[in-house]
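Trainee: I am new to this structure. Please take me through one part of it closely, step by step.

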Amino acid sequence: MSADALTATGVTAGYGGDPVIRSVTLRAQAGQIVSVVGPNGSGKSTLLKAIAGVLRMSAGKVVVAGRDLTNAAAEVVARSGVGYVPQVDDVFAPLTVRENLEMGGYLVARSAVPDRMEHVIEVFPRLGSMLRRQAGKLSGGERKMLAMGRVLMLAPSVFLLDEPTANLAPAIARTLLEEQVTTLARSDAAVLIVEQRARAVLAVSDYTYVMGGGELRLSGTPAELTESPAFVESFLGGHRDQAIQRSEADDHADTGKA
Ligand SMILES: Nc1ncnc2c1ncn2[C@@H]1O[C@H](COP(=O)(O)OP(=O)(O)OP(=O)(O)O)[C@@H](O)[C@H]1O
Ligand SMILES: [Mg+2]
């Protein structure tokens with residue numbers, strides 16, 4: 001039986017006071033897209049930071065491909081095959097696209113960098129035509145592509161993507177999820193993706209966890225979740241929470257463009 005690419009068990013973490021997330025357990029296998037959805041402030045980014053080694057856990061365990069990375073330093077986590085794309089500050093704005101990719105390969109032997117870069121450009125062909133452009137001047141979608149390309153330089157076995165579609169136009173967001181994110185998983189990596197666009201991310205997910213108030217509230221396959229009245233009410237229909245407002249805004253934006 002193959003081990004999970006990523007297992008996080010009982011993760012509890014915060015910023016000094018009471019824990020912000022409590023006892024969160026999830027797993028992802030190679031080739032899977034596993035999503036985490038939930039309202040603003042529910043602790044999604046905190047969870048990814050704890051897994052990535054950016055934030056210390058007060059309890060819990062993180063295992064990647066059988067290796068215990070609990071509270072390992074961020075660089076050790078990256079070196080162990082975890083590519084983390086944070087919600088903000090995801091690229092080095094003053095540097096060019098090429099320099100950003102080279103920075104992404106900082107843990108790779110220098111001689112291997114050109115091959116890795118070639119691979120990244122195969123996966124994200126548009127980056128190849130933008131190598132000399134300054135990262136800070138890219139569009140939102142191009143920038144996210146670069147951020148993902150930057151972590152792809154390390155050929156990770158696990159991607160942690162924190163709201164890659166935030167601030168993108170709906171059509172671009174959908175393309176990013178359906179094409180680029182799906183491509184990352186197809187390279188036999190596990191993708192753990194945080195999203196507020198519940199509807200769009202469910203469409204590409206193998207499994208989804210729902211967070212609320214720092215805890216896991218619900219989990220299941222997209223088919224199972226869409227059968228759950230609680231999920232549908234909170235994320236796809238009833239309550240007018242942030243997720244729904246965004247997904248309605250998407251619908252309107254799409255209509256407006258048609
Ligand atoms: N650096 C920080 N210092 C102190 N508290 C923080 C810090 N970052 C986040 N928090 C708090 O932790 C809680 C969870 O925040 P988190 O960023 O994990 O939520 P989120 O689910 O990612 O929200 P969003 O959808 O808005 O990105 C919030 O109450 C937030 O105010
Ligand atoms: Mg967040």
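Let us look at S45. Is S45 buried or exposed, and what is its relative accessibility?

Mentor: Keep in mind that this is a predicted model. S45 has a relative accessibility of 18%. The cut-off for buried is under 20%. S45 therefore counts as buried.

Now see what S45 touches. Ligand 2 is a magnesium ion, and S45 coordinates it through its OG atom. Q87 also coordinates the ion, through OE1. The distances are 2.0 to 2.2 Å.

An N or O atom in the S45 side chain lies 2.8 Å from an oxygen atom of ligand 1. G43 makes a contact as well: one of its backbone N or O atoms is 3.0 Å from an oxygen of ligand 1. E163 uses its side chain, with an N or O atom 3.2 Å from a ligand 1 oxygen. On its own, ligand 1 exposes 640 Å², and the protein buries 59% of that area. Count the surroundings next. Ligand 1 is surrounded by 14 residues. The closest are N40, G41, K44, T46 and Q196.

D90 and P86 both make contacts with K144. The side chains of D90 and K144 are joined by a polar contact of 2.7 Å. A polar atom of the K144 side chain also lies 3.4 Å from the backbone oxygen of P86. K144 itself is in helix α6, residues 140–152. Its relative accessibility is 6%, so K144 counts as buried.

One more helix is worth a look. Helix α7 covers residues 170–186, 17 residues in total. From first C-alpha to last, α7 reaches 23 Å, close to the expected 24 Å. Look for a bend of about 30° at L176. L176 is also among the buried residues of α7, which include L177 and V181. Just after α7 comes D188, with a positive phi of about 70°.

Note on methods:
Residues are numbered from 1 along each chain as its sequence is written. Chains are lettered from A and ligands numbered from 1 in the order in which they are written. This is a predicted model: local features need pLDDT of at least 70, side-chain atom pairs count only at pLDDT 80 or more; totals for chains, interfaces and linings use all residues. Side-chain values use heavy atoms; hydrogens and water are left out. Helices (H or I, at least four residues) and strands (E, at least two) are DSSP runs, numbered from the N terminus. The expected span of a helix is 1.5 Å times one less than its number of residues. The bend at a residue is the angle between axes fitted to the seven residues ending there and the seven starting there. Buried means under 20% relative accessible area, exposed over 50%, partly exposed in between (1.4 Å probe, protein chains only). Donors are N, O and S atoms within 2.8 Å of the metal (3.2 Å for Na, K and Ca); water is not among the atoms, so sites may look incomplete. A residue is near a molecule or strand if one of its heavy atoms lies within 4 Å of it. A polar contact is a pair of N or O atoms within 3.5 Å; within protein, one must be able to donate a hydrogen and the other to accept it, and residues adjacent in sequence count only if both atoms are side-chain atoms. Accessible areas come from the Shrake-Rupley method with a 1.4 Å probe; for residues, only the protein chains shown count as cover.
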